[in-house]
Structures are given as C-alpha cells and as structure tokens.
Amino acid sequence: MFESLGVMTKKELEARNEVKWETYTKKIQIEARVLGDLSMNHIIPVATRYQTQLLQNICNMAVVFPIDTADKLSERNKQIIQEIAERTSAIERGVEELVDARKKANKLEDEHLKAIAYHDTVEPKLDTIRYQIDKLELIVDDSLWPLPKYRELLFIR
C-alpha cells in the first residue's frame, strides 16, 4: 500500500523494519545486561550477607541456649538460609543461561532473525531471573536491600 501510494519505496519500508528490529534487540540486550549486572553485583552479595547474619544468629543461639532449644529457635532461620541459597543459585544459573542466549543471538547477521532470537530465547530468561529476585526481595532484610522494593515504590515512606 505505501509503495502503491508513493509514500515509501519497498527499500525504505525494509529499512524501517530493520531499524525497528534492531531497536527491539538493543532494548532487550540492555535489559539483559543490566539485570545480569544487578543480579551478580548487588542482589546476590546482599542476599549472601543476610544469609551470613542468619548463620551468625544460629551460632549465637547455640552458645546461649541448650542445643535442643537452640535448634527449635533457629529452625526458621535455617529454612531462610536454605531458601536464599537455592534462589541465589537459580539466579546465577539464570544469568549464565542469559549470557549464553545473548551470545548465540548476537552471532546472527539478519536483524529480523536476531530480534526473533532475542524474543524467544533471551527475554524469557529475564522473567525467570526476575522471579527469583522478587522472592529474595521478600526475604532479605529491608535495611540491606540495595534497590527500592515494590511496596516502597507503591507507598513512599
């Protein structure tokens, strides 16, 4: 239609589409890099720091109370420590998979195929990582968490 009406030539339409595909790819690429960086350099270290605090609390309970009482009192902390370990491992695996998917997609020359690869293989990994981070956000102490939490964005303190 654009060509028949003299608005754009076929070549101009193809160029316009290529720019849109490239723009989409760059957007997802930037999101993936930022999420990977935040995960590895901010989220995981903070979660690990909180895990260490909980471990210290368990050790202190064992010093103060008899072992049976300390175990009972520390049960919830042990569960949290395990959950943090599982979620940080899942995030690390997710980031590795994300980087691998980006590398494969970046090898493609055709912008349309690259955009499809980013949509089908890279973008879903962002959601997987984000899910784990959202769960950690609910566990880790507010004073340690480096980013605004959802509830803080909704209800400014």
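Reader: Which helix does glutamate 18 lie in?

Author: Glutamate 18 lies in helix H1, which covers residues 10-64. Helices are DSSP runs of H or I with at least four residues, strands are E runs of at least two, and both are numbered from the N terminus. This is a predicted model, where local features need pLDDT of at least 70, side-chain atom pairs count only at pLDDT 80 or more, and totals for chains, interfaces and linings use all residues. Residues are numbered from 1 along each chain as its sequence is written, and side-chain values use heavy atoms, with hydrogens and water left out.

Reader: Why does glutamate 18 count as partly exposed?

Author: Buried means under 20% relative accessible area, exposed means over 50%, and partly exposed is in between (1.4 Å probe, protein chains only). Glutamate 18 has 41% relative accessibility, so it counts as partly exposed.

Reader: What makes leucine 73 partly exposed?

Author: Its relative accessible area is 44%, so leucine 73 is partly exposed. Leucine 73 is found in helix H2, residues 67-106.

Reader: How many helices and strands does the chain have?

Author: The chain has 4 helices and 0 strands. Its radius of gyration is 23 Å, well over the 15 Å that the globule rule gives for 157 residues, so the chain is more spread out than a compact globule. Here the radius is taken over C-alpha atoms, and the rule is 2.2 Å times the number of residues to the power 0.38.

Reader: What box do the C-alpha atoms fill?

Author: Along the principal axes, they fill a box of roughly 85 × 35 × 20 Å.
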